[in-house]
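Try each task before reading its solution.

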Amino acid sequence: MKILTMSILLVGTLFAAQAAYADSNNKQWKLPRDILTTSNQISFNQGANDVWYFMESSSLVHNPATYQLLPKYSASCPGSGNLDGLACWWDTFDPTNPNAALPHVGINFNSHDVDDPGRGIWPSHTMLLHPYNTRLGIIAWRSPEALKVNITGVINSLYATLPCGDGVSWSIEQGTNVLASGDTSQASSQAAFSIKKLDVKGGEAIYFIADPKATDLCDSTEVSFTITK
């Protein structure tokens, strides 16, 4: 299975995922740390002053005007056999696959690895991003104020040997400007990325995007991001 905006203003209702370190006085925002320091009962609150958003697109077109929040949160992810501590933000059950609630952003709150029947071994305290065949999977960071930031991160397929599927095409985007990109099906692709001294406006978003390519099969993608001002 596969798992990896918001323009300055999102059209429609915007619900923010509660996260630690959202205050602009902080110098660093980090996933999965910011989610792990809350509980697995994260809610979506209208107008909350937070920075991380878990989203999807209405198609495979990279256009922030079409991005929207993932509408559902489950403390036990339905796409992971409802195992304790495996939570996710998700949208739709795939009728062709009982283990697929996609797109979704998931997190393992457990301090131990979990054997997830839908994905194999899910490492402790990690986040997964998974697109759908017809929709992008997106994590967005919204800047609390005008800043100059450094962004680093790691993006890896949960299936390092790709026993199935074709991996994801991932990109880091500011609006529609691609800041970094890669492909988890390519052993030579750069799993780690670094973006230096990026100017962002207050309320502007940076998007971490997973594209399913030809199929979303086996697209569970482990993600970790750090943004430092």
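This is a predicted model: local features need pLDDT of at least 70, side-chain atom pairs count only at pLDDT 80 or more; totals for chains, interfaces and linings use all residues.

**Exercise 1. Find the residues in contact with phenylalanine 208, leaving aside neighbours within four places in sequence.**

Solution. Take contact to mean heavy atoms within 4.5 Å. Phenylalanine 208 then touches Trp52, Leu129, Gly137, Ile138, Ile139, Trp141, Ile151, Ser171, Ile172, Phe193, Phe225 and Ile227.

Residues are numbered from 1 along each chain as its sequence is written, and side-chain values use heavy atoms, with hydrogens and water left out.

**Exercise 2. Which residues have the most contacts inside the largest nonpolar core?**

Solution. First, a nonpolar core is a set of buried Ala, Val, Leu, Ile, Met, Phe, Trp, Tyr and Cys residues joined through side-chain atoms within 4.5 Å; buried means under 20% relative accessible area, exposed over 50%, partly exposed in between (1.4 Å probe, protein chains only). Next, the largest core holds 35 residues, and Trp52, Ile139, Trp141, Phe193 and Phe208 have the most contacts inside it. Finally, a second, separate core of ten residues includes Tyr53, Met55, Ile138 and Ala140.

**Exercise 3. Determine the handedness of the disulfide between cysteine 77 and cysteine 88.**

Solution. Start with the rule: a disulfide is a pair of cysteine sulfur atoms within 2.5 Å. Cysteine 77 and cysteine 88 qualify, with S to S at 2.2 Å. Their S-S torsion is about 85°, so the disulfide is right-handed. Both cysteine 77 and cysteine 88 are buried.
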